[in-house]
Amino acid sequence: MLKAVVDRKGDESLKTLTINVHYQCNAKCIFCVVGIPDKVKEEKCLSLDAIYQELQKGIEKGCDSLCLSGGEPTIYDGIINVVSKAKQLGYKRIEIKTNGIKLSDKELVKDFSEAGVDIFCISVQGHNTKIHDNVVGVPGAFSHLLKAVEHVKNENKILYTPTCIQIANYKYLPDIAEFYKTINSDIICPTFIEPSGSANINFADVVPMYSQVIPYLYKAIEIINETNIKWNLHGFPLCMIKDYESKSLDVVDKTDVLAGTDIDNYSDYEKVTYRKKELKCNKCSLNIICNGPWKSYVDKYGFNEFQINVNSLTEIFPPQILIRKFFVH
Ligand code: SF4
């Protein structure tokens, strides 16, 4: 029962190590949270040996799940070796986060699959060429995406399709929900755009208000709830997602270790570093479990949309969610 409620990727007991192998990318997303200068990107590129060391350190910290991210990890030289090494070291679940462009190559998907990737996390930014290609900044990206998801399904691997909710796509969330159905997504995670990096530079062009997004998001949720697709939400203060508070990664996530740092709980780190609350949150019953809105969002749009909740946590969350959040380590 616990598993059915809180698990988003197959086993809630796993502890995940995330490695950003480099910050190079083959797309030009205007919403990217990275958006750092080329020189810094080069400096932040890890050597294969450095990655192997991080994998070993992750094992020593008790991690048994790996997430390979970037930048775009599929264009990292030696990425298949990284997956094989992780498998050899005993990681039980390996996920790769990608824009899907390179994965239109069937043989590459097969190579990843045979090396040990269990979850292909392929970002979906729109339900058609016009929106997806525009947001990703690469003509043809949507047709690559369609091939990539087909190859992943043919390999019988888990297809995880997060979407970054932004000005260009929020009105199409119900259409995107229908699209998840047509490509047989196993897991989705609509994520409210984080105004950092390029997304902060392009703030006025990419960041909608939460209150604009919610009606479309709820229509999309209605569509998804008629399917077996597992879903979560990210980047939403809990007061904006009434009735779906238990779906927030603020509530579900807890044990992500970030390689090359001393961050052993990314959710807590994100709360302190990138989220912001105001005094009125002290009177909110959700305060202890809510990470709040993005800091840079509040700096631009203020805090008026967010309203305190007075119901007790036990009225809002099933007991197993609260037990896991506060008592399971
Ligand atoms: S009022 Fe503050 S603490 Fe309460 S749910 Fe909203 S953002 Fe979170």
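## Close-up views of a predicted model

**View 1. Isoleucine 288 in the loop between H13 and H14.** Isoleucine 288 is exposed, as 10 other C-beta atoms lie within 10 Å (a residue is buried if 20 or more other C-beta atoms lie within 10 Å of its own, exposed if 12 or fewer, and partly exposed in between, with C-beta atoms placed from the backbone). The loop that holds isoleucine 288 runs between helix H13 (266-274) and helix H14 (295-301); helices (H or I, at least four residues) and strands (E, at least two) are DSSP runs, numbered from the N terminus. Serine 312 is 24 residues from isoleucine 288 along the chain, and their C-alpha atoms are separated by 11 Å. The model is predicted, so local features need pLDDT of at least 70 and side-chain atom pairs count only at pLDDT 80 or more, while totals for chains, interfaces and linings use all residues. Residues are numbered from 1 along each chain as its sequence is written.

**View 2. Packing of H6 against H7.** The axes of helix H6 (residues 129-136) and helix H7 (residues 141-154) come within 8 Å and cross at roughly 105°. Axes are lines fitted to C-alpha atoms, for helices over the stretch in contact, and angles run from 0 to 180 degrees between N-to-C directions. H6 and H7 are therefore roughly perpendicular to each other (angles under 35 degrees count as roughly parallel, over 145 as roughly antiparallel, 65 to 115 as roughly perpendicular and the rest as oblique). Thr129, His132, Asp133 and Val136 of H6 make the contact with Ala141, Phe142 and Leu145 of H7; two residues are in contact if their C-beta atoms, placed from the backbone, lie within 7 Å.

**View 3. H7 and its surroundings.** H7 has 14 residues and reaches 20 Å from its first C-alpha to its last, close to the 20 Å expected at 1.5 Å a residue (the expected span is 1.5 Å times one less than the number of residues). The buried residues of H7 are Ala141, Phe142, His144, Leu145, Ala148, Val149, His151 and Val152. What covers these buried residues includes helix H5 (106-115), strand S4 (119-122), H6 and strand S5 (158-165).

**View 4. Phenylalanine 120 in the core.** Phe120 is listed with Phe31, Ile122, Leu173 and Ile193 as having the most contacts inside the largest nonpolar core, which has 79 residues. Such a core is a set of buried Ala, Val, Leu, Ile, Met, Phe, Trp, Tyr and Cys residues joined through C-beta atoms within 7 Å. Neighbours within four places in sequence aside, phenylalanine 120 is in contact with Ile96, Leu103, Val152, Lys157, Leu159 and Tyr160.

**View 5. Two asparagines with positive phi.** Asparagine 156 is not a glycine, yet its phi is positive at about 60°. Asparagine 156 sits in the loop between H7 and S5 and counts as exposed, with 7 C-beta neighbours inside 10 Å. Asparagine 184 also has a positive phi, near 60°, and is placed in the loop between helix H8 (173-182) and strand S6 (187-192). Asparagine 184 counts as partly exposed, with 15 C-beta neighbours inside 10 Å.

**View 6. Leucine 249 in H12.** Leucine 249 belongs to helix H12 (residues 249-252) and counts as buried, with 20 C-beta neighbours inside 10 Å. Residues up to four places away in sequence not counted, leucine 249 touches Asn232 and His234.
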